[in-house]
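Dear colleague,

I am passing on the structure we spoke about, and I would be glad if you could look at it alongside the notes below.

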Amino acid sequence: MLDNVRIVLIGTSHPGNIGSAARAMKTMGLSDLVLVSPECEVDGHAIAMSAGASDVIKDAQIVETLEDALAPCQLAIAASARCRTLNWPMLDTREMGKKVVTEGQEAKVAIVFGRERTGLTNEELQRCQFHVNIPANPDYSSLNLAMAVQTLSYEVRMAFLNQEQWPKTEQEYPLSEDLERFYKHLESTAETIGFIIKQHPGQVMNKLRRFFNRARPESQELNILRGFLSSIDKTAQGITRPEKRKKGQ
């Protein structure tokens with residue numbers, strides 16, 4: 001099951017942090033590391049800081065976008081205190097570990113970490129179904145990247161060791177790439193019927209993302225929603241593009 005847990009690091013700026021994060025992962029039995037647009041080389045310093053976890057680094061994938069990193073994942077959880085524009089479904093670390101292990105029994109899941117200095121952007125936060133907050137000392141909540149990876153990886157391992165106490169999930173959830181296609185379809189349909197003005201979209205799509213992430217539609221439910229949107233599209237096209245009159249009429 002632990003092979004299904006993906007650690008995603010975005011825009012990492014120091015090779016030592018990549019190595020230290022790999023070490024933190026391996027000590028907890030995790031091995032799937034994905035680097036999104038790293039701002040440094042994965043060099044000898046990264047290998048040295050991994051302290052024996054060089055296999056995790058050598059097998060790491062490097063991709064351009066978070067969308068690429070999450071494409072095969074059914075669940076994505078962002079490590080962040082909060083979304084800075086909208087309240088997002090939050091988990092504590094124990095809840096996060098249990099959810100990762102429960103859904104990771106059947107599908108790939110991801111925990112996403114942001115840049116050392118600035119963390120995750122609002123857009124990146126909104127691509128994750130849940131956020132997780134490490135309850136550090138509010139007077140000194142300074143956790144470096146490797147510490148954060150270590151803490152959440154530990155919670156996943158502890159949940160993994162206790163998983164026999166839980167029933168397996170029977171729901172089948174859509175992959176991240178399927179959800180993104182749905183959101184693009186939803187936005188396109190909303191623009192077609194005039195619900196969203198393309199030049200001034202406001203926060204409508206962000207709030208709809210939050211709503212559907214909170215609801216966690218299953219795969220069959222998402223297919224129903226896509227079919228519903230397709231029916232709206234066909235009706236709207238019939239209204240906006242009436243058939244040409246026959247010759248002589």
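What follows concerns a sheet, a helix on it and a pair of helices.

Please note that this is a predicted model, in which local features need pLDDT of at least 70 and side-chain atom pairs count only at pLDDT 80 or more, while totals for chains, interfaces and linings use all residues. Residues are numbered from 1 along each chain as its sequence is written, and side-chain values use heavy atoms, with hydrogens and water left out.

Seven strands form an open, parallel sheet in the order E3-E2-E1-E6-E4-E7-E5, where strands (E, at least two residues) and helices (H or I, at least four) are DSSP runs numbered from the N terminus, and two strands pair if DSSP finds at least two bridges between them. Strands E3 (61-63) and E5 (90-91) are at the edges with a single partner strand each, so one side of each has no neighbour in the sheet. Strand E4 (residues 73-79) pairs with strand E7 (residues 130-132) in the parallel sense over three bridges, and isoleucine 77 stands opposite phenylalanine 130 in E7.

Helices H8 (residues 176-192) and H9 (residues 204-215) pack at an angle of about 135 degrees with their axes 11 Å apart, the axes being lines fitted to C-alpha atoms, for helices over the stretch in contact, and the angles running from 0 to 180 degrees between N-to-C directions. In their contact (heavy atoms within 4.5 Å), Glu180, Phe182, Tyr183, Leu186 and Glu187 in H8 meet Met205, Leu208, Arg209, Phe212 and Asn213 in H9.
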